[in-house]
Amino acid sequence: MARAETLTIMFADMVDFTERTAHQSREENRELLETYNGLMLPLIRRFGGRRVKSMGDALLATFRSPTDGVRCGMALQDAVAGHNFGKPMTKQIHIRVALNSGEVRVERGDVLGEAVNLAARVEGVTGRGEITLTESTYLMMNRSEVAVKPVGEQKLKGIAEPVRLYRVPQRMGQRLMAVGADVAPAAEDVLPYGGMHLVKCTETRPAWLGTLRERLQDAAVEADPRRVRLAALALLLVLSVALDVWYFTGSGDQEARPAALTAAAVPPPPDPQIARNRAASRIARQAHAQLAGGHPGEAAAAYARAIELNPLLAADARTAADLVGCLEFGTETATPLIRKYFNPVLRDELGRRTSQPGALGRQRAIELLTDVGQPRAIDRTGALLEDLKDAETCNARREVVKKLRTQRDPRALPALKATLQGGL
């Protein structure tokens with residue numbers, strides 16, 4: 001028998017999963033999914049969610065609190081970002097998260113209804129590393145505790161009316177923190193949402209206890225006829241009280257409880273990495289000022305020291321942009337540093353640099369992307385258009401025009417027409 005509930009629905013999946021599996025063995029695919037589930041599932045439970053089902057890399061989870069659903073999405077993105085640092089591109093994981101709130105039908109452990117369909121459609125328009133939510137989730141959540149930006153109305157496939165969407169922007173400095181949360185200060189600068197996956201949640205009971213209660217409730221509701229259902233509800237009440245009494249008072253014997261519960265009471269030892277992260281953030285701020293002041297060589301050397309202390313800084317948007325900017329000045333430090341700590345943020349910055357003014361930096365960005373096996377990130381047409389501007393002789397312009405014609409890119413048409421009309 002089904003029951004109606006108002007829940008927040010979360011869909012999360014891996015970006016480019018299908019393409020990756022086409023080049024993986026079964027063992028490699030199994031290891032990838034195990035790593036992925038190991039990152040995702042504990043956080044969903046920690047933030048009060050319930051995984052409904054998994055479909056390959058896609059996860060469907062529900063939350064009774066819209067705010068906790070958004071918190072969980074932020075934690076998932078931070079956990080994945082932390083996992084990726086120091087790993088080659090082939091081992092990295094990138095996800096997208098979509099949320100929608102509304103009435104659903106809960107039946108035999110599954111959730112059905114228009115709210116689920118809408119959440120799935122929103123996932124389809126969510127990009128890598130993004131968290132997108134519908135207006136219903138935005139209005140129901142605690143909006144004063146997390147930064148959200150409107151995306152605007154969007155027409156989604158299979159949905160009759162346009163849907164107003166919102167996105168949780170990265171690195172906005174606003175996080176939902178539990179009381180007593182302990183997050184390394186440097187994480188605020190380099191992780192998308194400041195280390196939400198490191199937040200210590202203050203739950204009153206372990207997640208597995210709540211999961212057992214939910215399963216008993218589902219069994220009770222689905223039971224039929226009425227007498228069996230009433231008996232199941234009565235048994236549920238007795239078991240629920242007994243479980244709470246056992247957990248909170250019990251015999252007083254800590255060994256009788258699961259090891260995972262007692263381990264949480266032991267404070268972790270001091271982490272020396274926290275001091276290194278603070279020093280790295282301070283050096284990175286100095287490097288930003290040095291580059292802005294016209295000292296690229298000193299800035300690149302400072303970035304090298306900072307990233308050696310805390311490799312997470314290599315994926316910080318500003319640090320990555322400044323590192324790529326150092327390429328134009330011929331510094332010997334920036335190129336090997338980018339190659340050593342290459343990551344998606346650096347890849348995107350290098351890709352943008354390939355179509356920007358400055359021949360030396362442009363050429364070095366192209367060479368780096370080629371060396372690390374990311375030629376698709378190169379904007380060939382943009383680079384050639386800049387080369388055409390820099391060409392000083394007719395022969396040089398002719399060579400560039402020949403290459404531009406092979407690109408078959410509409411962006412090149414105005415430049416080609418102007419060049420031909422000018423007689424090269």
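Q: Apart from its neighbours within four places in sequence, what is Ile-95 in contact with?
A: Leaving those neighbours aside, Ile-95 is in contact with Asp-13, Met-14, Val-15, Tyr-36, Met-40, Leu-76, Gln-77, Val-80, Gly-127, Arg-128, Gly-129 and Glu-130. Contact means heavy atoms within 4.5 Å.

Q: Where do these numbers come from?
A: This is a predicted model, in which local features need pLDDT of at least 70 and side-chain atom pairs count only at pLDDT 80 or more, while totals for chains, interfaces and linings use all residues. Residues are numbered from 1 along each chain as its sequence is written, and side-chain values use heavy atoms, with hydrogens and water left out.

Q: Which residues touch the most other members of the largest nonpolar core?
A: Tyr-36, Met-74, Ile-93, Ile-95 and Val-168 do, in a core of 36 residues. A nonpolar core is a set of buried Ala, Val, Leu, Ile, Met, Phe, Trp, Tyr and Cys residues joined through side-chain atoms within 4.5 Å. Buried means under 20% relative accessible area, exposed over 50%, and partly exposed in between (1.4 Å probe, protein chains only).

Q: Which element gives the most to this core?
A: Helix H2 does, with 8 residues. The elements that each supply at least two residues include H2 (26-46), strand E1 (3-14) and helix H3 (66-84). Helices (H or I, at least four residues) and strands (E, at least two) are DSSP runs, numbered from the N terminus.

Q: What lies apart from that core?
A: Another core, of 32 residues, among them Ala-302, Ala-306, Ile-338 and Leu-346.

Q: New topic. Where is Asp-16?
A: Asp-16 is in the loop between E1 and helix H1 (17-21). Its phi is near 60 degrees, a positive value in a residue other than glycine.

Q: Is Asp-16 buried or partly exposed?
A: Asp-16 is partly exposed, at a relative accessible area of 41%.

Q: And what is phi for Arg-408?
A: Phi of Arg-408 is near 50 degrees, also a positive value in a residue other than glycine. Arg-408 sits in the loop between helix H17 (394-407) and helix H18 (413-421).

Q: Buried or exposed, that one?
A: Arg-408 is exposed, with a relative accessible area of 76%.
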